[in-house]
2 protein chains.
Amino acid sequence: MYYTAVAAAFGFRVTRTDGAARTGTLRTAHGVIDTPAFMPVGTQGVVKALTPRDLRDVGAQVVLANTYHLLLRPGDALVARRGGLHRFMGWSGPLATDSGGYQVFSLGARRSIDDDGVSFRSHLDGRPVRLTPESATDVQVRLGADLTMAFDECTPYPATEDEAHASMERTLRWARRSRERFLAWRAGRAGGGEAMTTPAQAQFGVVQGGVHPGLREVSARETVGLDFDAYAIGGLSVGEPPAVMYETAGLTAAGLPADRPRYLMGIGMPDDLVETVARGVDLFDCVLPTRNARNGQLFTSRGPLSIKGAVHAEDDRPPDPDCRCYTCRNFSRAYLRHLHVAREMTAATLNTLHNLHFYLDTMRRMREAIASGAFEVFRQAFHRAYSRRPRHELPDD
Amino acid sequence: MYYTAVAAAFGFRVTRTDGAARTGTLRTAHGVIDTPAFMPVGTQGVVKALTPRDLRDVGAQVVLANTYHLLLRPGDALVARRGGLHRFMGWSGPLATDSGGYQVFSLGARRSIDDDGVSFRSHLDGRPVRLTPESATDVQVRLGADLTMAFDECTPYPATEDEAHASMERTLRWARRSRERFLAWRAGRAGGGEAMTTPAQAQFGVVQGGVHPGLREVSARETVGLDFDAYAIGGLSVGEPPAVMYETAGLTAAGLPADRPRYLMGIGMPDDLVETVARGVDLFDCVLPTRNARNGQLFTSRGPLSIKGAVHAEDDRPPDPDCRCYTCRNFSRAYLRHLHVAREMTAATLNTLHNLHFYLDTMRRMREAIASGAFEVFRQAFHRAYSRRPRHELPDD
């Protein structure tokens, strides 16, 4: 039993493989993450409509916060003065932050990219802000999440191979600068005497390259050459067909070292998780379970169920008869529909609890299937039951 | 040890008196309520931003839902078909409902009152609805709360003595009809064979009479003559000065039988609770702790604190250093301000948990003070510490 120790208290160990799928243990200064793992998104330092004890209750082991949002409000320096993001948001478990890149690139006309970094205007008050590989690293060091990301450019889809190539090269140059800055912090040579709030922080390098296998291969090899603590697969689920996403994620994962965690950023639908765990991915984050909960969509073992419809008005069954979450144990579809129609905030809470439970329970079932060498059996059974098309009534209801 | 048994499983026992203040035990089919008690308001069948387990956690023993809102959506018949409001909303403890009168009278131009009842248009879709003493009773029987209210007219303030007298007389006529209808249900002679979902339901008669002592006296005597299971004091906190409210509540309470619960409807501020417990009130409900929480106002032992202000941006202290609620044990003013400014729903949840804890803990402290014969000491200490003026910083912070 060993961990790839890249810094005190951070380490990763693959515990079992089944085909390309694997289970592992990701150790951080704030606790252990069993992989494959799903990270609920807490954009502004809170998972919307939940409290930290709700997150514990649904079995969350790690939360991902957004660097872009926290940088703008309340600001990374303010969070650092509060003792870091864990303490600020009352979450004592592992935390991850993204690099801010994805949100910045989504700003469209409000941002301009040059080779040194990105300038943009805050969506809150229009004030100009600049992010570079160095400053994105600094912000994440100040926030103090256990898992941080190198600053990358998210290649749009579609992109020509030339465009994707230029973008991938820029991400590589930024990866080098992000890594240098991070190692300077780790060595106590950055921040002008400012200490890291979380000394065992890990930094992920981000692989880009669009949907072009050759570019993905180069990006993976060169990024791995910079010896990050772990690796993320970026630039997917931006419009490409699912089959292309699966294939690209799979070949990128195959090009990453087996002894480091692999994080597929911003993915995905429940069936996406199953298909990319099958291809060797260890970590995920996505706003779907939380955002769709607020819009009245509940994920179930048979597919997404819209709770808004009049068909549920007198339905005394729980959303998912197979589910053991707080919501399904205590409330009917009729009540959840009433709360949604009446625009009650508690609707968002109960739906979010259910959706996160479904996501986290699906991860748990995958870990068990891998551990018992039966992942392929699980995968087939999952797809037989699950349909990704949202419905007002579940099949076989 | 005895209970005034007015129906199977319903009963009230005064356990201790201290001046006019008293502690008691109110027994219902869904559990016991220790009085003096505060009932959080769950307007649409949910206490906004909370789940039933949150309510248990803050120590709520009973919740009040609004007949007017539930009648319009999802409808009393639908709730009855779900097995009643307890089951529908997942709250297994005691429930109360108001008569719908107060909300209907608040509709202003959208309602017209005649001696038989009130016609109004739904604020949701404009459809015409009619409430009478009989139908308001039927709706509450179908919802199935443990504590229900006779249909009354809330006398406006100011009102001449003649106006208040006419209104009080109408409430008395409606009280008689409400009681007759309720007893018909209890005897199995109403509802066309429909069974009561909560057989031990109690019905409160409502005393009106504005701020006119003579009218209050008549109203109390005549209402008590109808032999309700318990009594409510209505028509207060509608604009009259606090001192007048206290005096009117006190003399009305004194005119009610000592062996029945006394409920002061829609009251109030924390100091109002202390002053009217001192005058013999047992039960309260009010939207203040929950509504003000959503607006960023936190009640503390020193008064209401506005969490919005920039003064809290870097304040690592809990909202109320004397408080042991989940919010105060885990989150700083800085974080709560961030959540409020960022319009996160979790702000409403955490603020509501705190405010309800403060209200319910104040009730608990009053019960303890009465039980030890030290209510006057508590009352003086409470007023020394508490200022009802909302502030951005607490005194002696």
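In this predicted model, β7(B) and strand β8 (residues 118-121) of chain B pair in the antiparallel sense over three bridges. That pairing belongs to an open sheet of three strands in chain B, in the order β7-β8-β9. Chain A holds an open sheet in the order β7-β8-β9 as well, and chain B can be laid on chain A with an RMSD of 0.0 Å. The points below take up the sheets, a pair of helices in chain B, the domains of chain A and the relation of the chains.

**The sheet in chain B**

- Three strands make up this open sheet, and their pairing is antiparallel.
- β7 (111-113) and β9 (128-131) of chain B are the strands at the edges, and each has a single partner strand, so one side of each is left without a neighbour in the sheet.
- From one strand to the next, the twist averages 15 degrees.
- Within the sheet, B:S112 stands opposite B:S119, a residue of β8(B).

**The sheet in chain A**

- The open sheet of chain A is built from three strands with antiparallel pairing, ordered β7-β8-β9.
- Its edge strands are β7 (111-113) and β9 (128-131) of chain A, each of which pairs on one side only.
- The average twist from one strand to the next is 15 degrees.
- Strand β8 (residues 118-121) of chain A is joined to β9(A) by four bridges, and these strands run antiparallel.
- A:F120 has A:V129 in β9(A) as its bridge partner.
- As a general point, strands of a sheet pair through backbone hydrogen bonds, in either a parallel or an antiparallel manner.

**Two helices in chain B**

- Helix α8 (residues 213-225) of chain B packs with helix α9 (residues 242-254) of chain B at an angle of about 30 degrees, and their axes are 9 Å apart.
- The crossing in which α8(B) passes α9(B) is right-handed.
- On the α8(B) side the contact involves B:P213, B:R216 and B:A220, which meet B:T248, B:L251 and B:T252 in α9(B).
- Sorted by class, the residues in this contact of α8(B) with α9(B) are three nonpolar, two polar and one charged.

**Domains of chain A**

- Chain A is split into domain 1, covering 20-291, and domain 2, covering 294-385.
- The centres of domain 1 of chain A and domain 2 of chain A, taken over C-alpha atoms, are separated by 27 Å.
- Contact between them involves 25 residues of domain 1 of chain A and 25 residues of domain 2 of chain A.
- On the side of domain 1 of chain A that touches domain 2 of chain A, at least two residues each come from β2 (21-28), β4 (37-39), α1 (52-57), α10 (270-277) and α11 (288-294) of chain A.
- α10(A) gives the largest share of that side of domain 1 of chain A, five residues.
- The residues on that side of domain 1 of chain A divide into 15 nonpolar, three polar and seven charged.

**How the chains are related**

- The C-alpha of chain B nearest the axis belongs to B:M345 and is 3.5 Å from it.
- Of the interface residues of chain B, 100% are also interface residues in chain A, so the copies meet through the same surface.

Terms used:
Residues numbered from 1 in each chain as written. Chains lettered and ligands numbered in written order. Predicted model: local features only at pLDDT ≥ 70, side-chain atom pairs only at ≥ 80, totals over all residues. Least-squares fit on C-alpha atoms with pLDDT ≥ 70 in both. Contact = placed C-beta atoms within 7 Å. Axes fitted to C-alpha atoms, helices over the stretch in contact; angles between N-to-C directions. Left-handed = near helix turned anticlockwise from the far one by under 90°. Nonpolar A, V, L, I, M, F, W, Y, C, P; charged D, E, K, R; others polar. Pairing = 2+ DSSP bridges. Domains from an automatic or database assignment.
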